[in-house]
Amino acid sequence: MSTLPKEVLREMIKGGNLKTAGDLHTYLKDMFKDAIQEMLEAELEIELGYAKGDKRNKQTENRRNGYTEKTVKTQFGEMPIEVPRDRNGEFEPTVVPKNKRDISGIEEKVIALYARGMSTRDIHDQIKDIYGIELSADMVSKITDSIIPQIKEWQNRPLESLYTFVFMDAIHYKVREDGQIKSKAAYVVLGVNLDGFKDVLGIWIGENESSKFWLGVLNDLKNRGLKDVLIFCVDGLTGIKEAITAAYPGAEIQRCIIHQLRNSFKHVSYKDIKEFARDFKEVYKAPNEEAALENLIEIEDKWGKKYPYAIKSWQINWDVLSPFFKYPEEIRTIMYTTNIIEGFHRQLRKVTKTKNMFPSDQALEKMLYLASQNVVKKWTQRYRNWDLILNQLMIFFESRVKQYI
């Protein structure tokens, strides 16, 4: 769109006697109304094929038939206009469509505000202050409900056949259900495809985190076309290993080292945590599994009597804590922690932090979907050194990767 010449702007200011921002707003509002009216007249002229009063070039039996008064919502607030009619009732204006009273794009603005975590009351106040338009809480809810088909389409969209890494974790919220406040889990799955780009594969709302629900999620991924996953990175939920093995028996399962450390710290006195953490760094930073096990034995000798369970949990879960040792540093860095999905959760919490409780699963689903789309828009770069990582994965998982490249 070209800018107006300065001479035209000066003439507008002078002719309109514009002295304040309010004067300018009123002037533009009147100009907008006149422009809309002229556009409607022009549309009808094209429809009929002759200008108003130009009966000489009239080649149709149809003709103008007065006006219908209509109040529409615009970016300048509510505005009365007169929509021209034709005798045959065939005229379908484009600039102000029939049965539409909002030409401000207000729906998009409401959804954008909702996506940033604003309450229906806050959105009502914001829209009223800026545009002078009254929107009730019910209307805001109806506007945001318009994205429900979009959410269902996104949640059921086909997936790629193979993802190199898949991260799974849940984030918890309070939701009203059957007159009670219940704790619900939003199950989040994030994947990295063969091109090194990450994406949110889906968000499922369910009861508190359980391996049974996770198995349902994994089966849903299979039904949407995800045939194989090379490496799963998960937290320490009981039964998650069995759920993954049931759905994707060939996948490597890596338990998040950071989650494991946090669980260990629960059994360690505050005064010993720093030293305890420093010692365990020698375990997960070891060059290979053999060295890691030797360091774990040394830690057991040092801390075992004082904190037996903190050590025992590493020994019990070693089969899902140790897989990353077999891989080079570039792959290890990606798979040994679920920090990538925790970072995504932090972005969701920024949006939902003002919400102590959601009125329904659907309300939670709407907000998480909109927030996730805003986050994913920024994921435009693939993993650093991805060509090197992919070549390494092709060596470790040769036959499984090659069929999809």
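Trainee: Is aspartate 178 buried or exposed?
Mentor: This is a predicted model, and in it aspartate 178 has 71% relative accessibility. The cut-off for exposed is over 50%, so aspartate 178 counts as exposed.

Trainee: Where is aspartate 178 found?
Mentor: In the loop between strand E3 (162-177) and strand E4 (180-192).

Trainee: What is phi of aspartate 178?
Mentor: Near 55°. That is a positive value in a residue other than glycine.

Trainee: Which loop holds asparagine 385?
Mentor: The one between H16 and helix H17 (386-396). Asparagine 385 is not a glycine either, yet its phi is positive, about 60°.

Trainee: And how exposed is asparagine 385?
Mentor: Its relative accessible area is 48%, so asparagine 385 is partly exposed.

Trainee: Switching to aspartate 228. Where is its place?
Mentor: Aspartate 228 is in strand E6, which covers residues 228-234.

Trainee: Why does aspartate 228 count as buried?
Mentor: Because its relative accessibility is 13%, and buried means under 20%.

Trainee: What does the side chain of aspartate 228 make a polar contact with?
Mentor: The side chain of arginine 400, at 2.9 Å. Leaving out residues up to four places away in sequence, aspartate 228 touches Ser161, Leu162, Tyr163 and Tyr248 as well as Arg400.

Trainee: Now helices. At what angle do the axes of H6 and H16 cross?
Mentor: Helix H6 (residues 148-155) and helix H16 (residues 361-376) cross at roughly 70°, and their axes come within 11 Å. That angle makes H6 roughly perpendicular to H16. The crossing of H6 past H16 is left-handed.

Trainee: Which residues in H6 and H16 meet?
Mentor: From H6, Ile148, Gln150, Ile151 and Trp154; from H16, Gln362, Glu365, Lys366, Tyr369, Ser372 and Gln373. The residues of that contact divide into four nonpolar, four polar and two charged.

Trainee: What about H9 and H12, at what angle do they pack?
Mentor: About 155°, with the axes of helix H9 (residues 257-265) and helix H12 (residues 308-316) 9 Å apart. H9 is therefore roughly antiparallel to H12. H9 passes H12 in a right-handed crossing.

Trainee: Which residues meet between H9 and H12?
Mentor: Ile257, Gln260, Leu261 and Ser264 in H9 meet Ala310, Ser313 and Trp314 in H12. In the contact of H9 with H12, four residues are nonpolar, three are polar and none are charged.

Technical notes:
Residues are numbered from 1 along each chain as its sequence is written. This is a predicted model: local features need pLDDT of at least 70, side-chain atom pairs count only at pLDDT 80 or more; totals for chains, interfaces and linings use all residues. Side-chain values use heavy atoms; hydrogens and water are left out. Helices (H or I, at least four residues) and strands (E, at least two) are DSSP runs, numbered from the N terminus. Buried means under 20% relative accessible area, exposed over 50%, partly exposed in between (1.4 Å probe, protein chains only). A polar contact is a pair of N or O atoms within 3.5 Å; within protein, one must be able to donate a hydrogen and the other to accept it, and residues adjacent in sequence count only if both atoms are side-chain atoms. Contact means heavy atoms within 4.5 Å. Axes are lines fitted to C-alpha atoms, for helices over the stretch in contact, and angles run from 0 to 180 degrees between N-to-C directions. Angles under 35 degrees count as roughly parallel, over 145 as roughly antiparallel, 65 to 115 as roughly perpendicular and the rest as oblique. A crossing is left-handed if the near helix is turned anticlockwise from the far one by less than a right angle, and right-handed if clockwise. Ala, Val, Leu, Ile, Met, Phe, Trp, Tyr, Cys and Pro count as nonpolar, Asp, Glu, Lys and Arg as charged, and the others, Gly among them, as polar.
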